[in-house]
Amino acid sequence: MRPNSLHAADLAHMVHQQTDLGAHAADGAVLIARGEGVHVWDTEGKEYIEAMAGLWCASLGFSEKRLAEAAYRQLLTLPYYHTFFQKGHEPSVRLAEKLTAIAPPGLNHAMFQCGGSEANDAAIKLAWYYHNVTGRPQKKKIIGRIRGYHGNTVATASLSGQPHMQADFDLPLGDRFLHISNPNYYRAGLPGETEEQFSERMAAELQALIDREGADTIAAFFAEPVQGGGGAITPPRGYFEAIVPILKQAGILFVADEVICGFGRTGHYWGCETYGIQPDMLSCAKQLTAAYQPLSALLISDAIHAALLEGSKRNGSFGHGYTYGGHPVACAVALETLAIYEERDMVGHVQAVSPAFLDGLGALRDHPLVGDVRGVGLIAGVELMADKAKKEPFPAGAKVGLLVQEKCHAAGLIVRAIGDRIAFTPPLIITAAQIGEMCRRFRAGLDAAWAELQERRLA
Ligand code: PMP
């Protein structure tokens, strides 16, 4: 059989994930061929600034040789081993030691998986396990937030507040998953309401939900410090300060999903640090290996770890694990990634370039399509509005976000449309000059979208 051309084979055989499959069937896919620094090139030779770092993950860009070499060294030494049955290997032990040393205080134990979904799925299981072992077996419900994103397994897609990831998949599963409002102050704040008042309203909604369901039925609350897949939504002032005491009071575990925020993205090592959160569990992935290998970690408190020991005694074993959880090559790459972050003071770099990033995007508030720009560190979201003075959104079917994304593509910029929000999370290594170029290309994309909308009489 003669192979098809790459694009024909893609259309014939590749099932793309999180994709409008009709659009793919009509237009094909952009296939990326190579990368260097913050840039990637497609198979047609077109160059882009990758302002999403892939999927919020390629923190060190696309050509960090040290990570390739770390993987190669480990492949030659021990290409695979597991951590089941009292066995293990040095890379995973050293990584657990390192991660718990840099984690928010109290998270002294690490468990490894391959991706963010698996880490959060494990966190849901451990929340149930913890409450069962400690004599509160009726604590089962898990609270997430509308537009929150915690993964794509049966449980994490149920927990996520993303209707298109549930419809026709028979999700959410059962009645264990509850959701509270999305903390998008720009879209959901009432006229005249301050950020602090909005946060208080969000907290009151959480309290009402707990009162209605009963604190003794709720196991855990999951939150991304900055909501990524929901539209790069930074929490309004006072939000976590208002929410955390309510959870504590109700004996509900706080799970911080740091799959996007971890490792400097928000201008501190952890999003929890940026927002003063002390979680019971913390999931991280993506920038843990700068995306050069699939790996995630779930960091847990001493109290939860004690419950695992107790449960293991009761059941004969701790009955959870994955063949590739803590894969030695992935762990070796993670250790090298963390060493690079330290040597290059990546958090300091994020703090240094963040003003150029936030001011550069913020300057686009003058554009007729841009209603709001918000962000922290090197993550930002831009809200597109039909009439910004009246805060009027575009009609749902107009797909203006996708139009802007398409025009940015044409201008050599990869961004992500989430409805009518445009998300930015460039590689952490991006320089101020590259940020300038990123903003110029974004303005070109916005201008082209604006021109087309005027032709279509939508603006
Ligand atoms: N949590 C968050 C906050 C995420 O953004 C993602 C992925 N974008 C996940 C979990 C799931 O991670 P993965 O795709 O690696 O399973």
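Visitor: Which residues are closest to the ligand, and how many surround it?
Guide: The ligand is surrounded by 15 residues, and the closest are Gly115, Gly116, Ser117, Gly151 and Val259; a residue is counted as near a molecule if its C-beta atom, placed from the backbone, lies within 6 Å of it. This is a predicted model, in which local features need pLDDT of at least 70 and side-chain atom pairs count only at pLDDT 80 or more, while totals for chains, interfaces and linings use all residues. Residues are numbered from 1 along each chain as its sequence is written.

Visitor: Which helix gives the most to that shell?
Guide: That is helix H6, residues 116–133, which contributes three residues. Helices (H or I, at least four residues) and strands (E, at least two) are DSSP runs, numbered from the N terminus.

Visitor: And what is the make-up of the shell by class?
Guide: Around the ligand there are five nonpolar, eight polar and two charged residues. Here Ala, Val, Leu, Ile, Met, Phe, Trp, Tyr, Cys and Pro count as nonpolar, Asp, Glu, Lys and Arg as charged, and the others, Gly among them, as polar.

Visitor: Let's switch to H4. Which of its residues are buried?
Guide: Leu67, Ala70, Ala71 and Gln74 are buried in H4, where buried means that 20 or more other C-beta atoms lie within 10 Å of the residue's own, exposed means 12 or fewer, and partly exposed is in between, with C-beta atoms placed from the backbone. Viewed down the axis of H4, these buried residues fall within an arc of 95°, so they line one face of the helix; the arc is that of the directions from the helix axis to the C-beta atoms.

Visitor: What is on the other side of H4, and what do the buried residues pack against?
Guide: Lys65, Tyr72, Arg73 and Leu76 are exposed on the other side of H4. The buried residues of H4 pack against helix H5 (90–102) and helix H13 (328–343), with two residues taken to be in contact if their C-beta atoms, placed from the backbone, lie within 7 Å.

Visitor: How many residues of H13 are buried, then?
Guide: H13 is mostly covered, with 12 of its 16 residues buried, including Cys331, Glu336, Thr337 and Tyr341. Among what covers the buried residues of H13 are H4, H5 and helix H14 (346–362).

Visitor: What span should H13 have, and what do its ends show?
Guide: At 1.5 Å a residue, the 16 residues of H13 should span 22 Å, and the C-alpha atoms at its ends are 22 Å apart, which agrees. The expected span is 1.5 Å times one less than the number of residues in the helix.

Visitor: Last topic, strands: what is the order in the open sheet of four?
Guide: The order is E1-E2-E3-E13, with mixed pairing; two strands pair if DSSP finds at least two bridges between them. Strand E1 (32–36) and strand E13 (413–414) stand at the edges, each with a single partner strand, so one side of each is left without a neighbour in the sheet. Strand E2 (residues 39–42) and strand E3 (residues 47–50) run antiparallel and are joined by three bridges, and Trp41 stands opposite Glu47 in E3.

Visitor: And in which sense does E9 pair with E8 and with E10?
Guide: E8 and E9 pair in the parallel sense over three bridges, with Met281 in E9 as the bridge partner of Val255. E9 and strand E10 (residues 296–301) pair in the antiparallel sense over four bridges, and Cys284 has Ala297 in E10 as its bridge partner.
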